[in-house]
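Open your viewer and get ready to click along. We will go stop by stop, with something to select at each one.

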Amino acid sequence: VEYKPSSDTAIIADHIIAREGLNALKRMIKTWKDKDFSRLPPVWQKAVDSLYTVEKQEEYDDLYIMGYADILPPILEPWCNQFFEWVINEPKLMYEYLELEAEGWYSVLKAELATGVVDGIFGSMDWCYKGGCLVSPKHFKELFAPGLKKIVDLVHEHGLKYIKHCDGNVMDILDIMIDYCGIDAYHPIEPTAGMDIAYLKKKYGKRITLCGNIDCGEMVNWTQEEVKKEVKRIIKTASPGGGHLLSTRNALHSGIPVENARAYVEAANEFGRYPININ
């Protein structure tokens, strides 16, 4: 792992699978098969235990506390390119890898749910870029979707909701996530990737909750009045009838002026009261 002082981030700079290829992946899978996933690594147990800490804070009484579970292919790792080649050439092995990956997250999820603290579960792995999904819909349904469905089913068994975040243009796989996997909400509806919240509201508004889609990239340069105008437009488009959580297309990041972030919240409070009645 290499630390980048300029961005204060750590990235995976080298990986044995990137160097040694398929044989290294097969060794890793063999090791995972012998692993007792019910015993969480200390770092994950500490993360689960932190949920109790949040619950005890009185100032967070009205906070919606979310756990985390998702399917994480090695998109941000040095063997990413090899992974996508093997999706085509070694689909059975990739299914085995992703199944074990999901098993690990399933164990984390069970521990999170057992706390009784979480109000819902969030998954934030990006599977798409602006041009579409990183894999074909066929490969997505065969390799990615079964693990996600297993996670969502367990969330539903506990009477909770699952919110799936995925940047990019997800139109090729959104039906699979909704109809097969059973997600309850989709975030962030990225406008710069061609995601039209008006279209999604019309097509999916009665089946899932939509979360989005204020452009947090443009919020860096907008005036406060422009921020309020866009918030008003999105609420008018997506909020009537319910099923919409106002959100940016990613996050209120550090590049957004504080004044614009404040204008965003003020506009939400002004226009986001039900019943929605915006001229």
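Is Asp8 buried or exposed? Select it and see: Asp8 counts as exposed, because its relative accessibility is 56%. Keep in mind on this tour that the model is predicted. Asp8 sits in the loop between strand 1 (2–4) and strand 2, and its phi is near 55 degrees, a positive value in a residue other than glycine. Most residues other than glycine have a negative phi.

Next, select Ile189, which also has a positive phi, about 60 degrees, without being a glycine. You will find Ile189 in the loop between strand 8 (185–187) and helix 8 (197–204). With a relative accessibility of 0%, Ile189 counts as buried.

Now go to Asp167, in the loop linking strand 7 (161–165) and helix 7 (174–181). Asp167 is buried but has no salt bridge; Arg249, the nearest side chain of opposite charge, is 6.0 Å away. Show the side chain of Asn250 as well: a polar contact of 3.2 Å joins it to the side chain of Asp167. Other residues that Asp167 touches include Asp126, Cys128, Pro188 and Glu190.

For the peptide bonds, select Gly212 and Asn213, joined by a cis bond with omega of about -10 degrees. Asn213 belongs to strand 9 (residues 209–214). Then try Tyr274 and Pro275, where a cis peptide bond has omega of about 0 degrees. Pro275 lies in the segment after helix 10 (258–271).

Last stop: the largest pocket, with a volume of about 350 Å³. Of its 20 lining residues, Ile12, Leu72, Pro74, Leu76 and Glu77 are the closest to the centre. Helix 5 gives the most to this lining, three residues.

Definitions and conventions:
Residues numbered from 1 in each chain as written. Predicted model: local features only at pLDDT ≥ 70, side-chain atom pairs only at ≥ 80, totals over all residues. Heavy atoms only, no water. Helix = DSSP H or I, 4+ residues; strand = E, 2+ residues; numbered from the N terminus. Buried < 20%, exposed > 50% of the residue type's maximum accessible area, 1.4 Å probe, protein only. Lys, Arg positive; Asp, Glu negative; His and termini not counted. Salt bridge = Lys/Arg side-chain N within 4 Å of Asp/Glu carboxyl O. Polar contact = N/O pair within 3.5 Å; in protein donor to acceptor, adjacent residues only side chain to side chain. Contact = heavy atoms within 4.5 Å. 1 Å grid on protein atoms, 1.4 Å probe; cavity = no way out; pocket = protein on both sides within 12 Å on 5 of 7 lines; lining within 4 Å. Points joined across faces, edges and corners; volume = space filled by probe spheres on them. Lists of a residue's contacts leave out its neighbours within four places in sequence.
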